[in-house]
Amino acid sequence: MRWLNKIFKGSNHKISEGQYQGVFADEDRVWDMPSGSLDGHAHSGNEDLDHAIALSLSEEEQRKANSIGGSSEVDDDEELARALQASLDIGSPPRSNQSPIYPSTYGYPTGYKICAGCNNEIGYGRFLSCMGAVWHPQCFRCHACGEPISEHEFSMSGNDPYHKSCYKERYHPKCDVCNNFIPTNRAGLIEYRAHPFWGQRYCPSHEHDNTPRCCSCERMEPRNVQYISLDDGRKLCLECLDSAIMDTNECQPLYIEIRDFYEGMNMRISQQIPMLLVERQALNEAMQGEKEGSHHMPETRGLCLSEEQTVSTIARRPRIGGNRIIDMFTESRKLTRRCEVTAILILYGLPRLLSGSILAHELMHAWLRLNGFRTLSPDVEEGICQVLSHMWLESEVMAGSGSSSHGASTSSGISSSSSSKKGVRSQFEKKLGEFFMHQIAMDSSPAYGDGFRAGHAAMLQYGLKRTLDHIRMTGNFP
């Protein structure tokens with residue numbers, strides 16, 4: 001009966017348990033997703049098993065001829081041989097050069113193994129050996145769809161098995177732009193780009209295929225969504241469009257609010273400085289007409305004029321036709337110099353919070369000029385202007401969250417008379433304000449970025465008034 005020992009050694013199916021692994025970077029990301037496989041072989045082919053059964057029956061006949069009455073052991077062997085033959089009639093595993101879809105074995109006595117799926121005895125017939133347990137074939141099921149896994153390979157997440165297709169649908173990242181599965185690179189890894197603030201994931205190819213970005217929040221335009229096209233080539237997402245300011249008259253209440261913000265910090269601006277909303281081309285032309293000034297490239301969104309110029313301003317809110325801005329109405333304004341500041345220009349079509357942060361920045365330029373700060377380096381002047389812009393945004397985000405009526409920075413102890421006028425903002429607008437604050441804080445330019453971080457640190461340590469006094473006397477941050 002040595003052939004029975006060979007059959008009852010049990011299956012030796014191996015599994016490589018797949019794990020969900022990730023390597024993250026700020027913008028470039030790579031995922032490595034290994035998968036497990038069902039890999040098993042029957043311990044003997046049909047021919048070996050038939051030969052073993054025939055040999056057993058031959059030995060049995062010989063023992064019957066040499067014995068009288070037989071024995072219970074012979075009866076047991078004969079019954080087991082019939083059971084094995086019956087299991088063959090159920091179906092044999094495929095014979096090929098590849099591993100079979102299901103590993104199988106035959107003739108285990110009842111109670112020998114317990115199925116990890118249903119907790120019942122395996123009994124006779126086929127079973128799977130994987131994940132450190134044995135299973136009825138119908139009990140080894142996908143954790144996602146609940147259907148049995150009958151493919152040669154399967155994937156793992158933790159201790160849960162999945163069809164490879166189900167695993168890909170659940171865990172393989174999709175591009176937020178084209179909505180396709182992000183392809184693998186040459187190394188077989190999933191590589192994608194991600195916005196550092198919004199977390200929008202997209203295929204690396206979209207950085208070079210002219211996919212538009214929103215000029216406000218910088219998110220890429222998804223294929224199933226159409227952004228609004230402004231007449232100067234910029235694109236505006238629908239969420240930012242919801243609070244966009246389109247003409248000069250519409251911006252006046254915001255301008256008054258920010259002047260009140262300054263007055264609440266004992267920084268009253270006595271001069272009535274004209275404020276105009278303009279198109280990109282008009283802003284660029286006005287910037288070229290300025291003899292002095294540091295500007296944030298590649299695109300300027302606001303400008304504090306000190307020279308007399310004629311500027312084309314948007315006099316009436318344009319209409320939206322389809323996905324484009326139409327009926328733009330502009331008029332020319334001749335700006336004369338009555339003080340150190342001629343006018344403040346703001347790019348049109350930006351959301352309220354972004355327009356307000358630009359206004360707060362440009363009004364700080366005006367305040368410095370009107371109060372005798374004449375010879376500041378770009379990093380000090382742009383830095384302190386960014387500090388005021390950041391403080392106004394913080395006051396708006398706090399007021400919109402329904403927290404307190406204190407504007408500016410909580411650490412500066414300065415209140416704003418305008419923050420109490422705001423109701424609770426939408427979640428997107430609150431997030432948008434946090435994004436603009438993030439942009440200011442993470443700016444990489446020497447003047448706007450390094451200057452802000454130095455000015456913000458000084459303001460937190462000494463307060464805004466003492467910081468400004470030190471700048472007046474020394475031209476530098478304390």
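In which sense do β12 and strand β18 (residues 343-347) pair, and over how many bridges? The two run in the parallel sense, joined over four bridges; strands count as paired if DSSP finds at least two bridges between them. One such link has Met275 with Ile344 of β18 as its bridge partner.

A quick word on the model itself. It is predicted, so local features need pLDDT of at least 70 and side-chain atom pairs count only at pLDDT 80 or more, while totals for chains, interfaces and linings use all residues. Residues are numbered from 1 along each chain as its sequence is written, and side-chain values use heavy atoms, with hydrogens and water left out.

The chain holds 12 helices and 19 strands; helices (H or I, at least four residues) and strands (E, at least two) are DSSP runs, numbered from the N terminus. Of its 478 residues, 47% count as buried, where buried means under 20% relative accessible area, exposed over 50%, and partly exposed in between (1.4 Å probe, protein chains only).

Back to the sheet. β12 and β18 belong to an open sheet of three strands with the order β12-β18-β13 and mixed pairing. β12 (275-278) and β13 (302-305) stand at the edges with a single partner strand each, so one side of each has no neighbour in the sheet. Two helices lie across these strands. Helix α6 (residues 248-264) lies across β12 and β18, at about 135° to β12, and α8 lies across β12, β13 and β18, at about 20° to β13. These angles run from 0 to 180 degrees between N-to-C directions, with axes as lines fitted to C-alpha atoms, for helices over the stretch in contact (contact means heavy atoms within 4.5 Å).

So how much of α8 is buried? In α8, 18 of the 19 residues are buried, so the helix is largely enclosed by the rest of the structure. Helix α8 covers residues 352-370 and is followed by Gly372, whose phi is positive, near 85°.

Helix α12 (residues 464-474) tells another story: its buried residues are Leu464, Thr467, Leu468 and Ile471. They cover an arc of only 95° around the axis, which puts them on the same side of α12; the arc is that of the directions from the helix axis to the C-beta atoms. Lys465, Arg466 and Met473 are exposed on the other side of α12.

Finally, Ser216 sits in the loop between β8 (201-202) and β9 (228-229). Ser216 counts as buried because its relative accessibility is 0%. Leaving aside neighbours within four places in sequence, its contacts include Leu236, Cys240 and Phe435.

Notes: Expected span 1.5 Å × (residues − 1).
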